[in-house]
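Me: Take one part of this model and look at it closely. Then set it in its surroundings, with the cut-offs behind each term.

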Amino acid sequence: MTSQAGKRVWLILLLGAVVIVTAVAGLCLGAERLSPGQVWHILREGVGAGDTSGLIVWQLRLPRMAMAALVGVLLSVAGVTLQGLLRNDLADPYTTGVSSGAAMGASAAVLAGWEAKWHGFGVPAAGFVCAIGAAVLVLMVARREGSLRVSVFLLAGIVVGSFMWSVVTLMLTLAGADVGRVLFWLMGSFADAEWTRVRLLLPFVLVGVLGLRAMAYGLNAFALGEESAAHLGFDVERLKRWAIVLSALCTAAAVSVSGIIGFVGLVVPHMARRLFGADHRQLGLSAGVLGAVLMVWADTLARSIARPAEIPVGVITALLGAPFFITLLRRERLV
Amino acid sequence: MPDTGFPRRVTDFRGRTLLLRQPPRRIVSLTPGTTETLFAIGAGRQVVGVTAYCDYPPEAKRLPKVGDMRTDVEAVVALRPDLVVADGVLNRRFIPQLERLKLPLLVIAPKSWLDVAKVIRLLGKATGHDRTAETLASRFEQEERKLRSRPANPHPVSVLFTLNVEPLPMWVAGRDLFVNDMIRLAGGRNVAEDGGTNYYAISTEVLLTKDPDVIITTVPADRLSPLREHPVLRRLKAVRNGAVYSVDSNLFVRPTPRLLKGLEVLRKILAEAKRR
């Protein structure tokens with residue numbers, strides 16, 4: 001037991017070190033290289049730092065890193081919740097149709113020229129509304145006689161998701177010259193991060209992490225099976241409903257501001273469970289931190305390696321995530 | 001009326017030779033640029049099929065459609081064309097199919113300012129309008145010669161040409177585009193030239209360090225408010241000085257004689273920027 005606890009302490013220290021290294025790397029690397037000393041100087045000077053490097057750090061890199069981190073947390077929390085609820089290792093925020101809904105809404109908004117609407121919130125707002133719409137649709141399909149069947153929910157999510165995705169494809173074929181902009185949005189990017197958007201995301205992150213913590217006992221019981229959880233005295237219908245609402249909210253918030261960023265919501269819950277154990281009481285936090293770190297690294301690569309061009313961050317997460325996930329599966333002898 | 005001198009052989013951008021026994025009377029154009037050029041050299045009345053995007057000159061809009069950016073090959077065949085003009089890049093997916101159907105195919109693939117002169121001349125020769133085409137084509141070469149005869153400008157106006165202002169990243173013109181050549185011909189310097197060929201997503205950090213004198217965009221003027229509201233973009237020299245110009249994209253992206261008009265627009269913009 002003590003060695004277990006000791007291992008835990010080391011892990012937390014290690015994670016803390018990784019977070020610091022990530023923050024430093026994220027601030028120093030990019031299309032314009034800055035030394036840690038320069039960054040330190042700019043940070044001490046405060047927001048008012050007026051020259052180019054000051055603008056880059058305060059108005060481009062920091063909001064961008066903050067947004068990447070928050071989206072990383074949101075997707076990881078959504079992933080943990082769904083994998084716990086569905087007791088399915090392959091579930092991720094995108095199997096529920098929510099992301100396709102967001103993609104549909106946002107693509108339509110980009111094509112309708114809403115980019116400048118509502119001070120730049122036209123596209124995210126359309127994405128968010130359609131994402132929630134998709135979640136409601138999936139819930140309605142999966143519900144019968146007041147009870148939500150988990151296996152049907154998964155299938156309904158996939159079906160609704162592919163339906164909405166085909167609408168996206170249809171819009172893309174009809175889009176003509178705007179295809180590039182829609183595609184870049186779909187592939188995911190934090191390039192348009194601003195402090196206003198970070199502030200907008202923050203409440204969702206709090207709700208996500210705290211909500212998952214509140215559901216932790218229920219989800220732990222759920223791991224034994226739906227029936228066992230019911231026998232243990234949990235209101236399983238309520239748990240299912242809230243778990244789905246929570247994951248849909250997190251995913252919708254993440255996708256509507258950053259586009260489709262794959263694999264983080266799938267891989268991070270697995271990593272967190274391997275490193276810190278499967279107890280949902282700590283999974284929200286541990287998966288959240290891991291997700292944030294991974295996302296910041298992915299975005300740092302996306303904005304530095306192709307200078308002066310940008311790569312969509314979704315490309316990086318998929319490039320790194322897929323091989324990583326395969327290794328993980330091989331280790332667990334699942335394939 | 002088309003010049004005489006048929007039958008004649010014409011060689012397209014791939015180096016393939018096509019034998020035309022008489023001036024073609026049933027031409028199908030597969031890109032808006034080709035349609036414009038055909039009308040500009042006086043071959044408009046020989047055109048029988050265009051794309052849904054062919055909106056210039058207005059007469060072109062009334063012609064039968066053979067698809068949009070995706071070619072409707074069946075519709076092309078149904079028009080029984082005696083000449084099909086395709087773009088090697090925009091129509092590349094459909095060229096093998098058009099070839100298998102043994103259609104009289106001419107492929108153009110203009111990448112630069114001078115290539116446009118080549119296209120105009122080639123279409124002139126293929127349709128029998130050699131003289132009008134020659135006049136237009138030579139104007140492109142004149143502009144290039146004018147630039148060469150001038151001493152190099154040590155302080156060219158730095159220019160960014162972008163397709164969007166929001167959401168970031170901006171999609172900007174790199175190398176191998178007509179607009180890149182046009183900026184050079186107008187006496188400016190494309191700050192995004194070193195980033196890649198074609199249009200690409202530029203890092204906002206780089207944009208900030210390059211800080212162009214002038215931003216030219218295809219976004220309409222009434223949709224430029226995000227530039228002035230964004231915490232970083234509003235600090236750009238061009239935004240602060242009001243040197244952001246909305247232009248008609250068709251004068252800059254299509255390989256047609258109208259690029260000459262685009263060049264005039266660019267010259268005016270750069271002259272105004274210099275006066276500041």
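Reply: **Helix H12 of chain A, and what surrounds it**

Helix H12 of chain A covers residues 264–276. It has 13 residues and reaches 17 Å from its first C-alpha to its last, close to the 18 Å expected at 1.5 Å a residue. That expected span is 1.5 Å times one less than the number of residues. Helices here are DSSP runs of H or I with at least four residues, strands are E runs of at least two, and both are numbered from the N terminus.

This is a predicted model: local features need pLDDT of at least 70, side-chain atom pairs count only at pLDDT 80 or more, and totals for chains, interfaces and linings use all residues. Residues are numbered from 1 along each chain as its sequence is written, while chains are lettered from A and ligands numbered from 1 in the order in which they are written.

Back to the helix. The buried residues of H12(A) are Val264(A), Gly265(A), Leu266(A), Val267(A), Val268(A), Pro269(A), Ala272(A) and Phe276(A). Buried means 20 or more other C-beta atoms within 10 Å of a residue's own; exposed means 12 or fewer, partly exposed is in between, and C-beta atoms are placed from the backbone. Just after H12(A) comes Gly277(A), with a positive phi of about 90°.

Now the chain around it. Chain A holds 14 helices and two strands. Its radius of gyration is 20 Å, close to the 20 Å that the globule rule gives for 335 residues, so chain A is as compact as a globular protein of that length. The radius is taken over C-alpha atoms, and the rule is 2.2 Å times the number of residues to the power 0.38. The C-alpha trace spans about 65 × 60 × 35 Å along its principal axes. Of the 335 residues, 50% are buried. Among contacts in chain A with a separation of 6 or more, 76% join residues 24 or more positions apart. A contact means C-beta atoms, placed from the backbone, within 7 Å.

Next, the contact with chain B. Chain A gives 27 residues and chain B 28. On the side of chain A that touches chain B, helix H3 (52–86) and helix H7 (179–187) are the elements that give two or more residues. H3(A) has the largest share, five residues. This side divides into 11 nonpolar, eight polar and eight charged residues. Nonpolar covers Ala, Val, Leu, Ile, Met, Phe, Trp, Tyr, Cys and Pro; charged covers Asp, Glu, Lys and Arg; the others, Gly among them, count as polar.

Leu55(A) sits in H3(A). It counts as buried, with 20 C-beta neighbours inside 10 Å. Beyond its neighbours within four places in sequence, Leu55(A) is in contact with Leu60(A), Leu208(B), Val232(B) and Arg235(B). Its C-alpha lies 9.4 Å from that of Ile42(A), 13 residues apart along the chain.

Across in chain B, there is a sheet. Four strands form an open sheet in the order S4-S3-S5-S6, with parallel pairing. Strands pair if DSSP finds at least two bridges between them. Strand S4 (47–49) and strand S6 (105–108) of chain B are the edges, each pairing on one side only. The twist averages 30° from one strand to the next. Angles run from 0 to 180 degrees between N-to-C directions, with axes fitted as lines to C-alpha atoms, for helices over the stretch in contact. Four bridges join strand S5 (residues 83–87) to S6(B). Val84(B) stands opposite Leu105(B) there. Helix H1 (residues 32–40) of chain B packs on the sheet, touching S3, S4, S5 and S6, and its direction makes about 135° with that of S3(B).

Helix H4 (residues 113–127) of chain B lies across S3, S5 and S6 of chain B, at about 165° to S6(B). H4(B) has 15 residues and reaches 22 Å, close to the 21 Å expected. Its buried residues include Trp113(B), Val116(B), Ile120(B) and Leu123(B). Just after H4(B), Gly128(B) takes a positive phi of about 85°.

Terms used: Contact = placed C-beta atoms within 7 Å.
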